[in-house]
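This report concerns the aromatic ring contacts of the structure shown below and the surroundings of the residues involved.

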Amino acid sequence: VVMVILGLATSLAVVSFGSGKQERELQNEVNRLHAVLRLAAEEAIFSNEEIGVVIEDDHYEFLVSDENRSWNSLDNNALRSYQIPEWISLDFQREGKKRELVKRAQVEEFDGKSNILDQEEVSKKPNIYLYSSGEVTGFIIGMQIKDDPDSRVEIRRNDQGEIILPAQEEQEHE
């Protein structure tokens with residue numbers, strides 16, 4: 001009986017420790033995205049360029065606007081495209097719009113022919129704009145462990161135009 005109780009206690013400890021690990025990894029991913037968004041906002045100001053952020057269900061990447069107002073990949077190692085772990089789900093809300101789960105960009109088809117088959121580059125449109133003036137479009141990015149809405153953590157732009165983690169601000173004020 002003692003061995004069974006010890007076995008159950010050990011298995012409960014392992015299960016609870018395992019879920020904590022995934023929550024810590026989620027917080028690390030949220031902190032990483034928050035840091036690179038802030039870095040990109042500063043880079044837009046210092047380089048005097050408009051930077052856009054594309055957020056899809058499996059990755060995010062940074063683009064820069066050229067003189068023709070088209071968006072190209074940003075050639076900056078710190079702001080390179082980043083793959084999101086498959087166990088994390090993302091949702092995105094633009095200021096004044098309803099929240100939606102992020103899906104991969106779809107290739108438009110015309111008469112059954114995709115642009116990729118024609119070797120045309122599919123133009124990406126940013127979800128978030130980081131302007132050289134220091135302004136940032138309003139947004140909320142939610143990240144959570146798939147099928148666990150209680151693990152949801154947000155990154156957003158506040159009323160002062162700063163990119164913040166509301167959960168961290170609440171902890172700092174306590």
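In this predicted model, four aromatic pairs are present. One of them joins Tyr60 and Phe62: the ring centres lie 6.3 Å apart and the planes meet at 90°, so the pair is classed as edge-to-face. Another pair is formed by Tyr60 and Tyr82, with 5.5 Å from centre to centre and 40° between the planes, and this arrangement is tilted. Tyr60 belongs to strand E2 (residues 59–65), whereas Tyr82 belongs to strand E4 (residues 82–83), so the pair ties together parts that are 22 residues apart in sequence. Through such ring pairs, Tyr60, Phe62 and Tyr82 are linked into a cluster.

| Residue | Relative accessibility | Class |
|---|---|---|
| Tyr60 | 1% | buried |
| Phe62 | 2% | buried |
| Tyr82 | 21% | partly exposed |

Why is Tyr82 counted as partly exposed? The relative accessibility of Tyr82 is 21%, and the buried class requires a value under 20%, while the exposed class requires one over 50%. Tyr60, at 1%, therefore counts as buried, and Phe62, at 2%, is likewise assigned to the buried class.

Tyr82 also has a charged residue over its ring: Arg32 lies over the face of Tyr82, at 3.7 Å from the ring centre. Tyr82 thus takes part in the tilted pair with Tyr60 and has Arg32 over its ring face.

Conventions
Residues are numbered from 1 along each chain as its sequence is written. This is a predicted model: local features need pLDDT of at least 70, side-chain atom pairs count only at pLDDT 80 or more; totals for chains, interfaces and linings use all residues. Side-chain values use heavy atoms; hydrogens and water are left out. Rings of Phe, Tyr and Trp (its six-membered ring) pair if their centres lie within 6.5 Å; planes under 30 degrees apart count as stacked, over 60 as edge-to-face and the rest as tilted. Buried means under 20% relative accessible area, exposed over 50%, partly exposed in between (1.4 Å probe, protein chains only). Helices (H or I, at least four residues) and strands (E, at least two) are DSSP runs, numbered from the N terminus. A charge sits over a ring if NZ of Lys or CZ of Arg is within 6 Å of the ring centre and within 35 degrees of the ring normal.
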